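Thanks for coming. I will talk through charged pairs and then a sheet. Please have a look at the structure first.

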Amino acid sequence: MAEKQYDILETMHGCFQTTFSKKHLARKPWEPENPNHIKSNIPGTIVEVCVKEGQQVKAGDILIVFKAMKMNNNIRAAKDGKVLKIDVKAGDNVPNHTVMIEME
C-alpha cells in the first residue's frame, strides 16, 4: 500500500499535517478584497450615480443610490479619496459582488 503524502495546513490556531482532496488543491486561492473597490453586497439596480470620475470625495459623501429589496440605499465613501473609475450607470442591474466604483 502506498504511503500517504501529508501537507502542512497553516491556520491562525497553528500548523497541522493533513491530506488535501483534489478539489481542495484545484480551488482558486483566496485573495483579500481591494479596499479601494466599492462593490455591491446584494443584487440591485443603480438609481443614481452621484459622483464623476476624477472627483475628490470626503468620507461619508454619497457615491451611488442603489435600489435593493425595494429600498433605496445610499452608498457612501468610507474614506477621503478620488474617484478613479465608475463602472456602472443609472438603470444598470448589478449582480452580487460587482465592482461599482474604483477609488484612489
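The count of salt bridges here comes to 3. Keep in mind that this is a predicted model. As background, side chains of opposite charge can pair when their charged atoms come close.

Let me take the pairs in turn. Glu33 and Lys39 meet through their side chains, with 3.4 Å from N to O. That lies within the 4 Å cut-off, so the pair counts as a salt bridge. Are these two residues buried or exposed? Glu33 is exposed, at 57% relative accessible area. Lys39 is partly exposed, at 29%.

Next, Lys85 and Asp87 form a salt bridge, and their closest N and O atoms are 3.6 Å apart. Both partners are partly exposed: Asp87 has a relative accessible area of 30%, and Lys85 has 41%.

Then there is the salt bridge between the side chains of Lys89 and Asp92, at 3.1 Å from N to O. Lys89 has 54% relative accessibility, which is over 50%, so Lys89 counts as exposed.

Now the sheet. In what order do its strands lie? The order is β7-β6-β4-β9, an open sheet of 4 strands with antiparallel pairing. The edges are β7, residues 71-76, and β9, residues 93-94. Each of these has a single partner strand, so one side of each has no neighbour in the sheet.

The partner of β9 is β4, residues 44-49: the two run antiparallel and are joined by 2 bridges. Within this pair, Thr45 stands opposite Asn93 of β9. In general, strands of a sheet pair through backbone hydrogen bonds.

That is where I stop.

Notes
Residues numbered from 1 in each chain as written. Predicted model: local features only at pLDDT ≥ 70, side-chain atom pairs only at ≥ 80, totals over all residues. Heavy atoms only, no water. Buried < 20%, exposed > 50% of the residue type's maximum accessible area, 1.4 Å probe, protein only. Pairing = 2+ DSSP bridges.
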